[in-house]
Amino acid sequence: MNKTLLLAPNSFKECADSKRISELLSSELKSFSHWNIIETPLSDGGDGFLSVCEKLFQGRRINYSVSNIYDKNLIQVSIVYNENSITVYIESAEIVGLKKVPKEYRKPLELNTKALGELLRKISIDVFDHKLNIEKVIIGIGGTATVDFGLGVASIFGLKLFDENRNIIDLKPSNYYKVKDLEIPDIRLPFTLQVISDVDTPLFGENNSIRIYSAQKGANQKDIQLLVNGFDNIYKILINNKLIDYSKPINGAGGGLAAGLNIFFGAEIISSTEFINSQILSDIDQNQIDAVITGEGA
């Protein structure tokens, strides 16, 4: 009697996404005729999120031009659009991810998420111009090269940083400690936003996501302390503007990107566990599975 094997890997960062890993495993194992193989690549919101959503939701890819994260050149990025559910899927790692940044440019103090803001603005314009019918945009958050609290995204919609003399400050995390005030726009997108968060580590506190994850983005210990100091400064300003509740933990996914999208755009934050269980594995009868191969790495 044949047995059923579920292939459900996550991505291997800067090597292969989960769809490719699943294909490789399947090609090696298909000679074992006594196994029925089910390929269900996973995504926690990071690398490979777009490929998984394309396979899972049968959407079509649409390309946009946005600014490169580390220079002024334009690059082509893709979204997945499902016309039936009127939903767009975006992978933040495809736009501001480590896999898009050569090692010599991995300097989170100097990088921001403006490119993602450019993409959201262009999608919004297409909706306003009736080129696309979209009710929801879902963004996978993970694998980013940025630690900017999502301020880069919001700056494309009008957010500005000011110093003590009311001079506009260049939006990069190395300047966050200088900020004395923010100009915060009333941002109204023509669709709702959801973000899939790959971690639930808090952005602030003793064991915060900046201290835990910034080193893998290229930050040294001095950089990390500057980031922590800058974020603490922005945090106090946001509390003074009554934009956040200091009594509640703030999600640290994507160097604060998930939190910024929640604060400035009203995005709903969904854990990757919930996304995997409710969307990716929802049609799998786990009682019929005899073995599972999974894993992730770098």
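Select Ser 18 first: at 0% relative accessibility this residue is buried (buried means under 20% relative accessible area, exposed over 50% and partly exposed in between, with a 1.4 Å probe and protein chains only). The model is a predicted one, in which local features need pLDDT of at least 70, side-chain atom pairs count only at pLDDT 80 or more, and totals for chains, interfaces and linings use all residues. Residues are numbered from 1 along each chain as its sequence is written, and side-chain values use heavy atoms, with hydrogens and water left out.

Ser 18 belongs to helix H1, residues 18–29 (helices are DSSP runs of H or I with at least four residues, strands are runs of E with at least two, and both are numbered from the N terminus). Leaving aside residues up to four places away in sequence, Ser 18 touches Pro 9, Asn 10, Ser 11, Pro 41, Leu 42 and Val 52 (contact means heavy atoms within 4.5 Å).

Next, select helix H2, residues 49–57, together with helix H9, residues 272–280. Their axes are 12 Å apart and the packing angle is about 25° (axes are lines fitted to C-alpha atoms, for helices over the stretch in contact, and angles run from 0 to 180 degrees between N-to-C directions). That makes H2 roughly parallel to H9, a label for angles under 35 degrees. On the H2 side, the contact is made by Phe 49, Val 52, Cys 53, Leu 56 and Phe 57; H9 contributes Phe 275, Gln 279 and Ile 280.

Keep H9 and color its buried residues: Ser 272, Phe 275, Ile 276 and Ile 280. They cover an arc of only 95° around the axis, so they sit on the same side of H9 (the arc is that of the directions from the helix axis to the C-beta atoms). These buried residues pack against H2, strand S9 (192–197) and strand S10 (268–271).

Move on to Ile 284, in the loop between H9 and strand S11 (291–293). At 18% relative accessibility, Ile 284 counts as buried. Beyond residues up to four places away in sequence, Ile 284 touches Leu 6, Ile 38, Thr 40 and Ile 289. Draw the C-alpha to C-alpha distance from Ile 284 to Thr 40: 9.2 Å in space, for residues 244 apart in sequence.

Last, select the cysteines Cys 15 and Cys 53. Cys 15 is exposed, with a relative accessible area of 62%, whereas Cys 53 is buried at 1%.

Key: Parallel < 35°, antiparallel > 145°, perpendicular 65-115°, else oblique.
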